[in-house]
Amino acid sequence: MREKLLELLAKYTTEQGPVPLECFTASYLANELSLSRNSISQYLNEFIQENKVVKVNSRPVYFFEIGALEKRGIELENSVFETFDDLTMKKEDFDRLIGYRGSLSHAIEQCKAAMCYPPMGLPILLNGATGTGKSRIAQTMFEYAQECKHILPKESKFVVINCSEYANNPELLTANLFGHKKGAYTGADKDNPGLIQLADGGVLFLDEVHCLKAECQEKLFLFMDKGVYHRVGDNENWFHSDVRLVFATTENPEDVLLKTLLRRIPIIVKIPSLEERPRNEKAALLALIFKEESKEIGKTIEISSLAYQIFMDTSIPGNVGGLVNSVKATCANAFLNNNLNDEILEIHVYNLPEYVLQLAPVINFRLQDAKDKKMMKLSFPYQANPYDAKLIAVYGKMLESYRRYLENPLTNKLLNDNLQQVIDQYSDYLMYDRAQASSPNIEFTKKITDKIFSIVMNRYSLKISNNDILLISRYLSEYARLSHEFKNWINNHLQEINDFSEVLQMKFPREYAIVTEIVDNIGINLDIEIDEMMKIRLMLVICDLEKNESANKTVAVILCHGYSTASSIADAVNKMLNENIFDAIDMQLDMSVDKITNQLNDYLKMKNYFDDLVLLVDMGSLEEIYKGIKRIPNVNVSIINNINTKLALSIGSKIKQGADLSKSLESACKDNVSQFKYIQNRAKKKAILSVCATGVGAAEKILDLFKKSLPVPIDAEILTYDYNKLVENGKEDYIFERYDISFIIGTMNPYIDEVPFIAIEDLVLNSDMNELKKVTREFCNDDEFDILKQNIIKNFTLNNIVNHLTILNAEKVLDDVEYLVEQMEEHLSKPLLPASKVGLYVHLSCLIERLILKNEVQLIEDPVDFIEQHEDFINLVREIFSVVELNYSVEIPVSEIIYIFNYIENYL
């Protein structure tokens, strides 16, 4: 009955072709053969696995016999298709390359860009090992330009020159490339227009370009720049040719090509080796090679499962080209023992070339069943659909889970185990199965993803591993590459997706808020527009992180007056306990309890669910703070006063051990008694301060760059400090009692008497190195200062500083800031000095990030007075910032305008 089903399907396919008729459905076939629907479905799925039937995943699902389709001239590279168009569409140019949606996808996008770029394309260099398919890709680029985009006329030529053939005769290569005049050299008995002229209006492919001598590379410069050249022996006449240049090399371009030539090749494409490509692509290549060989010899080829396994598992030298040669040699060996009248050529292990068998890995011996002995007719194995069906499958399972939940919300989970299994499988595919094509875009995505998550996770007290960052960056890279291809799927399910999203927002408000913040930053810094389904997928990642954090049922916070008192205690204790037990809130001495309470409430909003809140405070005014905590229901609150490091360590160790909290706090307080010791004439230690007018966070990052620039450790503390406190207190500030301050480095001068200030803009412009040498003299000698100076030049570039201080794309944000500064100069009619401009660039870059992250700076003066006195300036800044506000969906507050005003006033 199984064979009757295949015969019937072949008959219908031959008569009707691939059309959506009822006779190609499982239900119709079941009625025709008087079989159950389940039996028919089982047989059809087996046929798909055996490459005898293809399936179209429409509604209803249709099945067609492969042999009949191939007789109609339909090229098949898949076993499963999403639409009839996917099945019947003729493959053209790049679509015919195996891996065009996989390991070659990035390379192909760059090749297309090189061909399409107006007016005459861009020179491109294909870099890859021997046999990776560089020549085939170059030929396909030419076909693409002719067929798909009509960039080149049909009569245009694809001219190939292999430079290795002229390695020992560069003069002949030059003459053949550029042409020569009659009599130009011995043997030049007539004019030769040259290959560049022959390829006019088409493509010139220079293979093995690393064999070009330096003088021949130089002759290409003028032609690449202007499109004109001299023929050999004719220095009077100029010749012109409109030709697209494609280069290829197996060597590292940096090692074998002149830098001046490389600068003229804007696109360099890395072609992956066969070992770097995924296993399913190797299987498809193997099938294609055997299929071509079958056509060549006019016989059907079948291969034993063991021989096929050796081909798949062996690293054959020469990449794709080596695989082709090994298949040809195998078929030749088999052909010797084959009866000429046989229609089938059988391939066995003993037919494989000797070098393949020597390289083959050890095969596990086992008792083979009938299936192992069965000969295989190689056809294209099942591959992903024209768009990435795997990601669509994840989306589909998410919606299925939602539908089941709606059927009975009381018994069905919104996010069930089956959904998690599909997600895990796709994650494994991204991490392990899918070969990641070499691409700077992927590395850039990973870098920016890491920055975004580091900041957002820190704000919400969540930990995320490097593996999770890598996985999410691969999700985003794959999503950005394919999103346009499944927009139709999104649009077809849009209402259901929106309903699903609303349910999740109600059930997981905190997680959804976190993801919304992440998605906003992804949009700004990666230019990736995230759809609602991918947003939900990212939310599931956050849910997993929340689960991992749920074991910690106690939240502990240290609150102390002073610039960094609480932070210092928390940091020290957390390091000693090797666990992040305490968070800290630092407060100014004059900060009201209400303001501290609001700050604590904002902090608690970002915490996951917890049972106990432990507050360690430094003085009595904070002991009643619990009364203002909004998130108090079902949470036990403990408050301990007169906190110090020893007491915090004792309490932290009890929390870490999971001991009874009430008894632990009582015991810790009894054990901690103050002692007194008086030591006279203690010398102050040297210190260097880093300050930033808009926050300690930026000051820490500036300090980090300065520390990296130091050639040797120095005998001084290197600290960040609050700019506002220095401005308010001057030399009376506590920091001067504790340390002998050598100098201050930062974005705005606090003007402290007798304390030198090094502005960050001076380091960027290298304009005040003598002052830097003077203030660092006590820490490093002349040789060490020379190293410091070189490190400063390297580390303190404007782009590097902005990239280091913010999560933003430095190049993008600096373009926006440049516009702002130009507008300010124009409206104020006050040109800024170069150093002032650099400082303002840094200040405004940090400002944009603060607005995105909603971290408004603290005011040091009354905004009411400022608004009354400087209304015109406020309106001017808001007008200038309107474009940036629109681009980043932010609004600039008065507090930030005050800082801009102060900066301009100080530096004009």
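**Group meeting: a helix pair and the cysteines**

Let me start with helix H2, residues 26–33, and helix H3, residues 37–49: their axes come within 9 Å and cross at roughly 115°. Helices here are DSSP runs of H or I, at least four residues, and strands are E runs of at least two, numbered from the N terminus. The axes are lines fitted to C-alpha atoms over the stretch in contact, with angles from 0 to 180 degrees between N-to-C directions. H2 and H3 are therefore roughly perpendicular, a label for angles of 65 to 115 degrees. On the H2 side, the contact (heavy atoms within 4.5 Å) is made by Ala26, Ser27, Leu29, Ala30 and Leu33. H3 brings in Arg37, Ile40, Ser41 and Leu44.

This is a predicted model, where local features need pLDDT of at least 70, side-chain atom pairs count only at pLDDT 80 or more, and totals for chains, interfaces and linings use all residues. Residues are numbered from 1 along each chain as its sequence is written, and side-chain values use heavy atoms, leaving out hydrogens and water.

Overall, the protein has 42 helices and 21 strands. Of its 908 residues, 51% count as buried, meaning under 20% relative accessible area with a 1.4 Å probe, protein chains only.

Now the cysteines. How many disulfides are there? The count is zero, taking a disulfide as a pair of cysteine sulfur atoms within 2.5 Å. For Cys846, the closest cysteine sulfur is in Cys692, 5.7 Å away, so too far for a bond. Cys846 is buried at 4% relative accessibility, and Cys331 is buried with a relative accessible area of 4%.

Technical notes
Buried < 20%, exposed > 50% of the residue type's maximum accessible area, 1.4 Å probe, protein only. Parallel < 35°, antiparallel > 145°, perpendicular 65-115°, else oblique.
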